[in-house]
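User: I'm new to this one. Can you walk me through how its parts meet?

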Protein chains: 2
Amino acid sequence: MSGPMFLGIDGGGSKCKARLANGNGKLLGEGVAGPANVFQDQLQAPRSIVESAQRALASAHLPDTDIKKLVVGAGLAGANIPRVARETEEWDHPFAKFYVGTDIHIACLAAHGAADGAVIVAGTGSVGYSTINEISYGGHGFPFGDKGSGAWLGLEAVKAVLQADDSLAPETALSRASESQLAASGLGIADAMVGASSRDYGALAPLVLECAQRGDPVALEIVREGAAYLSDMAEKLLGTSEGGLCLLGGLGERLQAWMRPEIVARVVPALGQPDEGAVRFAIQCYDG
Amino acid sequence: MSGPMFLGIDGGGSKCKARLANGNGKLLGEGVAGPANVFQDQLQAPRSIVESAQRALASAHLPDTDIKKLVVGAGLAGANIPRVARETEEWDHPFAKFYVGTDIHIACLAAHGAADGAVIVAGTGSVGYSTINEISYGGHGFPFGDKGSGAWLGLEAVKAVLQADDSLAPETALSRASESQLAASGLGIADAMVGASSRDYGALAPLVLECAQRGDPVALEIVREGAAYLSDMAEKLLGTSEGGLCLLGGLGERLQAWMRPEIVARVVPALGQPDEGAVRFAIQCYDG
């Protein structure tokens with residue numbers, strides 16, 4: 001093997017994906033390991049990164065010891081928090097080089113290939129990034145950020161249903177749908193949701209979207225407010241450029257229906273997956 | 001000692017207060033012990049209740065064994081959740097009788113004496129209760145309920161400040177005040193608030209109110225929205241009766257300035273403290 005080998009890491013809250021490539025980006029091997037959100041778990045994340053790298057080497061029939069030759073570009077969930085990014089960069093890693101970026105940055109590099117563009121990822125959380133001016137929006141976390149995300153939709157639904165139970169807000173089909181999914185009603189819903197995680201709230205998002213699609217006024221108001229925020233974010237991300245916008249994550253496509261037409265007109269499909277963007281990031285950093 | 005002895009328990013998230021009285025409500029002794037929120041800690045709460053009872057007996061120079069003679073009325077934080085109330089009632093207690101009510105119920109009994117009336121407690125959380133029709137509103141918990149409370153004000157402020165940092169919402173003096181109190185800025189605020197409790201959010205409420213008082217438009221919008229909800233709640237609580245409304249808790253009085261004039265016109269001072277209401281509750285239940 002001549003020339004450096006590049007390893008792209010796509011590290012998220014549920015798994016870590018490694019993609020081994022040569023200097024032309026050609027795939028040599030792949031590996032998957034456990035979670036690598038450096039904000040949620042700074043002990044687990046390095047372990048997952050190394051493990052996914054070892055598995056990628058193994059799948060390419062390369063020895064474990066080659067790990068010290070790898071030029072690694074890692075797009076990591078949680079690395080948008082400045083303190084966390086600093087601490088991750090200071091990690092005593094086993095690689096030749098270790099460049100730290102965010103998950104949304106590598107998703108954006110992959111989505112638009114060599115062209116400039118923006119991405120919004122709306123899943124359990126929501127965050128936006130643009131290569132046009134390397135700006136990031138949102139991704140602040142739950143419960144104070146990530147408006148328009150699944151967790152946010154679920155939280156707003158629980159609020160509305162509890163207020164409706166007090167006759168302090170309109171009671172609609174959203175109440176019955178939430179009660180049915182949570183197998184609880186009235187104060188029992190508060191009981192069921194105490195200490196719930198962003199994922200627990202996100203699990204309610206599909207029913208909020210379904211109710212909105214059927215014209216439920218309370219669900220519609222929630223979904224419209226979330227989508228308006230994402231439209232505002234998209235407008236900032238795209239600025240005056242002509243780049244495209246990719247809507248990623250479990251809810252990206254579904255929320256498009258409520259986003260502003262001038263934003264929807266800019267939506268393009270993603271060209272590649274985040275781990276490919278991570279390889280590109282590694283090559284860019286190494287060459288730069 | 002002839003006739004039954006009554007013990008009123010005011011059990012909250014920080015302490016449990018016991019008030020020993022005879023059948024006429026005459027004070028015989030008092031005792032204080034640790035937290036007794038039956039929702040937050042179902043092991044600690046019974047211990048605190050028994051300990052406060054023992055201390056009340058001791059302060060009245062009565063033997064420990066008299067505990068089995070006591071007719072207890074307990075107003076407990078967390079007992080508004082039906083499951084929690086049921087489980088608390090089934091407790092194998094050492095008293096002659098043990099009647100379970102909510103903290104807000106006994107606060108209302110104390111605030112209005114023999115007259116009908118309503119109370120809203122706005123502190124870290126928010127909840128309302130009326131003896132007029134024995135209705136309770138709010139008190140659902142954080143982060144999905146307790147609108148207008150200290151925790152809610154703080155959470156809304158953090159949301160607004162983070163959106164302002166993204167230029168997706170107006171940046172005002174509230175941003176600078178929050179940054180200063182949290183000793184953080186931008187994404188550092190998200191970092192500082194991750195995993196924060198309702199009390200942590202509530203600690204930001206005074207600065208939100210101060211900013212609103214100085215005319216900060218973002219803080220004003222938050223405070224007005226919270227106060228409008230409490231006005232709606234008050235309207236429901238008072239219904240068509242002529243009873244008065246007591247605004248209790250750390251923020252009750254301060255939020256009054258933003259509540260609707262027709263509600264403010266109904267506000268009266270509280271006649272007594274919750275532990276006095278708990279004694280009244282014990283006597284009512286025993287006689288009833």
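User: How many salt bridges does the rule find across the interface of chain A and chain B?
Analyst: The rule finds 2 across that interface. A salt bridge here is a side-chain nitrogen of Lys or Arg within 4 Å of a carboxyl oxygen of Asp or Glu. One of them joins the side chains of Arg83(A) and Asp191(B), at 2.6 Å from N to O.

User: Before we go on, what should I know about the model and the numbering?
Analyst: This is a predicted model: local features need pLDDT of at least 70, side-chain atom pairs count only at pLDDT 80 or more, and totals for chains, interfaces and linings use all residues. Residues are numbered from 1 along each chain as its sequence is written, chains are lettered from A and ligands numbered from 1 in the order in which they are written, and side-chain values use heavy atoms, with hydrogens and water left out.

User: OK. How many residue pairs are in polar contact across the interface of chain A and chain B?
Analyst: There are 6, with both residues at pLDDT 80 or more. A polar contact is a pair of N or O atoms within 3.5 Å; within protein, one must be able to donate a hydrogen and the other to accept it, and residues adjacent in sequence count only if both atoms are side-chain atoms.

User: Which element gives the largest share of the side of chain A that touches chain B?
Analyst: That is α4(A), with 6 residues. Helices (H or I, at least four residues) are DSSP runs, numbered from the N terminus.

User: And how much area do chain A and chain B bury between them?
Analyst: About 2900 Å², 66% of it on carbon and sulfur atoms. Buried area is the accessible area (1.4 Å probe) that two parts lose on being put together, summed over both. In contact are 31 residues of chain A and 31 residues of chain B, where contact means heavy atoms within 4.5 Å.

User: New topic. Which domains is chain A divided into?
Analyst: Domain 1 covers 5-113 + 271-287, and domain 2 covers 150-264. The bounds come from an automatic or database domain assignment. Their C-alpha centres lie 32 Å apart. Each domain gives 5 residues to the contact.

User: What area is buried between domain 1 of chain A and domain 2 of chain A?
Analyst: About 280 Å², with 66% from carbon and sulfur atoms. Ala107(A), Ala111(A) and His112(A) supply 77% of the area that domain 1 buries against domain 2, more than any other three residues.

User: How many salt bridges are there between those domains?
Analyst: The count is 0. The rule also finds 0 residue pairs in polar contact there, with both at pLDDT 80 or more required.

Notes. Helices (H or I, at least four residues) and strands (E, at least two) are DSSP runs, numbered from the N terminus.
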